[in-house]
Structures are given as C-alpha cells and as structure tokens.
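Keep the picture open as you read.

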Amino acid sequence: MIEIEILTKADCCLCDEAKEVVEAVLADYPATLTLTDIESDAALFEAYKEKIPVVRLNGEDSFIYKVHPVTLRKRLEEIDGGQK
C-alpha cells in the first residue's frame with residue numbers, strides 16, 4: 001500500500017489544487033491519502049511555513065507547491081512496481 005500525505009493549511013488554493021490532482025489519480029493505485037494541517041503541529045509549521053503544499057509519497061517529500069498528474073502517475077508506478 002502506498003501512503004500519500006499532503007501537508008496543507010487552511011485557505012491554501014495550491015493545497016486545494018494538489019488535493020484535486022492526487023484524488024483524481026488515487027483511484028488507480030493501491031494508496032491511502034492523509035491530509036496533515038501544518039498549523040496543528042508547531043514543528044511542521046516551523047519546517048514548512050509557506051513551503052506548501054508538500055505531497056509525500058511513503059514519507060518522502062516528492063512534490064512541493066505543485067503536483068502534475070503525469071509525474072505523479074510515474075512516481076506511483078515506480079513505487080507500486082517496486083513493491084510487487
């Protein structure tokens with residue numbers, strides 16, 4: 001199972017766009033999605049502040065600010081292929 005996490009915060013239009021892209025691609029892969037509000041964790045907020053959204057794939061920061069569906073699919077294929 002692939003774990004996708006989006007580091008986000010309230011009133012972030014880039015975060016909303018990243019979530020839409022991830023959700024559109026998500027159905028094609030054995031993956032779960034978690035949204036993490038950086039404002040609810042002081043350490044995350046200090047580390048990321050304005051550097052969001054961040055899309056993490058299996059705990060690794062993989063996309064910052066923007067996520068492109070074709071690139072996301074390629075990364076998920078690489079991960080999924082490596083887990084078989």
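The expected span of a helix is 1.5 Å times one less than its number of residues. With that in hand, take helix H1: its 14 residues reach 20 Å from the first C-alpha to the last, close to the 20 Å expected at 1.5 Å a residue. One thing to keep in mind throughout is that this is a predicted model.

Which residues of H1 are buried? They are Cys15, Ala18, Val21, Val22, Val25 and Leu26. Looking down the axis of H1, you would find its buried residues within an arc of 130 degrees, so they line one face of the helix. On the other side of H1 sit Cys13, Glu20 and Ala24, which are exposed.

**The sheet**

Now for the strands. Four of them make an open sheet in the order S2-S1-S3-S4, with mixed pairing. S2 and S4 are the edge strands, each pairing on one side only. From one strand to the next, the twist averages 25 degrees. H1 packs on this sheet and touches S1, S2 and S3, and its direction makes about 165 degrees with that of S1.

Let's zoom in on S3, which covers residues 54-57. S1 (residues 2-8) and S3 run antiparallel and are joined by four bridges. On its other pairing, S3 meets S4 (residues 60-64), again in the antiparallel sense and over four bridges. Here are some of the residue pairs that face each other across these strands.

Over in S2 (residues 31-37) you'll find Thr36. Is Thr36 buried or exposed? The cut-off for buried is under 20% relative accessible area, and Thr36 has 16% relative accessibility, so Thr36 counts as buried. Setting aside neighbours within four places in sequence, Thr36 is in contact with Glu5, Ile6, Leu7, Thr8 and Leu44.

In soluble globular proteins, nonpolar side chains tend to be buried together. In this model, the largest nonpolar core has 17 residues, and those touching the most other members are Ile4, Val22, Val55, Leu57, Val67, Leu72 and Leu76. Which elements give two or more residues to this core? S1, H1 (13-26), S3 and helix H3 (69-83) do. H1 gives the most, with five residues.

Not counting residues up to four places away in sequence, Leu76 touches Ile2, Ile4, Val25, Tyr29 and Leu57. There is also a second, separate core of eight residues, which includes Leu7, Cys15, Ile38 and Leu44.

**Loops with something to look at**

Two loops are worth a visit. In the loop between S1 and H1 lies Asp11. The phi of Asp11 is near 55 degrees, a positive value in a residue other than glycine. Asp11 counts as exposed because its relative accessibility is 84%, where the cut-off is over 50%.

The loop between helix H2 (42-48) and S3 holds Pro53. What kind of peptide bond joins Ile52 and Pro53? It is a cis bond, with omega about 0 degrees. Lys49 is in the loop between H2 and S3 too. Lys49 has a phi near 30 degrees, again positive in a residue other than glycine. With a relative accessible area of 37%, Lys49 is partly exposed.

Definitions and conventions
Residues are numbered from 1 along each chain as its sequence is written. This is a predicted model: local features need pLDDT of at least 70, side-chain atom pairs count only at pLDDT 80 or more; totals for chains, interfaces and linings use all residues. Side-chain values use heavy atoms; hydrogens and water are left out. Buried means under 20% relative accessible area, exposed over 50%, partly exposed in between (1.4 Å probe, protein chains only). Contact means heavy atoms within 4.5 Å. Two strands pair if DSSP finds at least two bridges between them. A nonpolar core is a set of buried Ala, Val, Leu, Ile, Met, Phe, Trp, Tyr and Cys residues joined through side-chain atoms within 4.5 Å. Axes are lines fitted to C-alpha atoms, for helices over the stretch in contact, and angles run from 0 to 180 degrees between N-to-C directions. The arc is that of the directions from the helix axis to the C-beta atoms.
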